[in-house]
Amino acid sequence: MRSLFEGYRPTFKPHSLGYEAESLLLLTPSQQMCYYDGKLFGGYIALLMDRILADCCKHKDKPAFTAYLNTSFNHSVPPSGPMLLRAWPEKVEGRKVFLKGSVRIPGKEAHDWVDAVRTDALFIRPKP
Ligand SMILES: CCCCCCCCCCCC(=O)SCCNC(=O)CCNC(=O)[C@H](O)C(C)(C)COP(=O)(O)OP(=O)(O)OC[C@H]1O[C@@H](n2cnc3c(N)ncnc32)[C@H](O)[C@@H]1OP(=O)(O)O
């Protein structure tokens, strides 16, 4: 399990609804899982998103469980390039935390980043 998250070191910033999280990641060769050459396996991307969204909920708070994780793959993620994972809360209703997340990859222009993957998620905190 540890190797799946090698290099994953999220940082947290206060947000009006909790905390937002981000982690810049450069995958090791063993993490560069592809079914099609040059395109990082989407299931692995969803795993990374689930992790950063869960960490975003749990930071200085109770844990929360994934109720749904809706992931849109807009562009392929190159396995050997940098990727920026991001997660932030959108709405909190009682135990329900609605979050958004994205995976950004370098764009065509220098210093330009594009959203390759976007996630809408619901996490639910346990009953008191
Ligand atoms: C190699 C290792 C790597 C490890 C990789 C590391 C990744 C870290 C990821 C960690 C996170 C997880 O994996 S967690 C594990 C995966 N997820 C799970 O196992 C969750 C399975 N589901 C459940 O246990 C349950 O359904 C819960 C806890 C999510 C909710 O149950 P509950 O607490 O009884 O709440 P319940 O009363 O049903 O619902 C509360 C409110 O939420 C709404 N609600 C509930 N579910 C949904 C839903 N899917 N979509 C919309 N709304 C929902 C209800 O309508 C209700 O709204 P209202 O009427 O109040 O308005």
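Predicted model: local features only at pLDDT ≥ 70, side-chain atom pairs only at ≥ 80, totals over all residues.
Biologist: What makes the backbone of His 111 worth a look?

Modeller: Its phi is positive, about 65°, although His 111 is not a glycine. Most residues other than glycine have a negative phi.

Biologist: And what is the phi of Lys 60?

Modeller: Near 55°, again a positive value in a residue other than glycine.

Biologist: How do you know whether Lys 60 is buried or exposed?

Modeller: Count the neighbours: Lys 60 has 8 C-beta neighbours inside 10 Å. Exposed means 12 or fewer, so Lys 60 is exposed.

Biologist: Let's go inside. What makes up the largest nonpolar core?

Modeller: The core has 25 residues, and those with the most contacts inside it are Ile 52, Leu 53, Cys 56 and Phe 123. Two or more residues each come from strand E2 (18–26), helix H1 (42–58), strand E6 (82–93), strand E7 (96–106) and strand E8 (113–124). H1 gives the largest share, eight residues. In soluble globular proteins, nonpolar side chains tend to be buried together.

Biologist: Which residues does Cys 56 touch?

Modeller: Leaving out residues up to four places away in sequence, Cys 56 touches Tyr 19, Glu 20, Ala 21, Ala 87, Trp 88 and Leu 99.

Biologist: Which residues of H1 are buried, and what covers them?

Modeller: The buried ones are Ile 45, Leu 48, Met 49, Ile 52, Leu 53, Ala 54, Cys 56 and Cys 57. Their cover includes E2, strand E4 (39–40), strand E5 (65–73), E6, E7 and E8.

Biologist: How do you know how the span of H1 compares with the expected one?

Modeller: H1 has 17 residues and reaches 24 Å from first C-alpha to last. At 1.5 Å a residue, 24 Å is expected, and the span is close to that.

Biologist: Now the whole chain. What pattern does it follow?

Modeller: The order is β-β-β-β-α-β-β-β-β, with one helix and eight strands.

Biologist: How do you know whether the radius of gyration agrees with a compact globule?

Modeller: For 128 residues, such a globule would come out near 14 Å; this chain has 15 Å, so the value agrees. The C-alpha trace spans about 45 × 30 × 25 Å along its principal axes.

Biologist: What share of the contacts links residues 24 or more positions apart?

Modeller: Among contacts with a separation of 6 or more, 62%.

Biologist: And which domain does UniProt list?

Modeller: The unreviewed UniProt entry gives "domain: Thioesterase" for residues 38–104. Over residues 38–104 the model is 25% helix and 48% strand.

Biologist: What is the average pLDDT of the chain?

Modeller: It averages 96, and 100% of the residues score at least 70.

Terms used
Residues numbered from 1 in each chain as written. Helix = DSSP H or I, 4+ residues; strand = E, 2+ residues; numbered from the N terminus. Rg over C-alpha atoms; globule rule 2.2 N^0.38 Å. Contact = placed C-beta atoms within 7 Å. Core = buried A, V, L, I, M, F, W, Y, C linked by C-beta atoms within 7 Å. Buried ≥ 20, exposed ≤ 12 C-beta atoms within 10 Å, placed from the backbone. Expected span 1.5 Å × (residues − 1). pLDDT = per-residue confidence, 0-100. UniProt positions renumbered as here; feature names shortened; annotations may be inferred.
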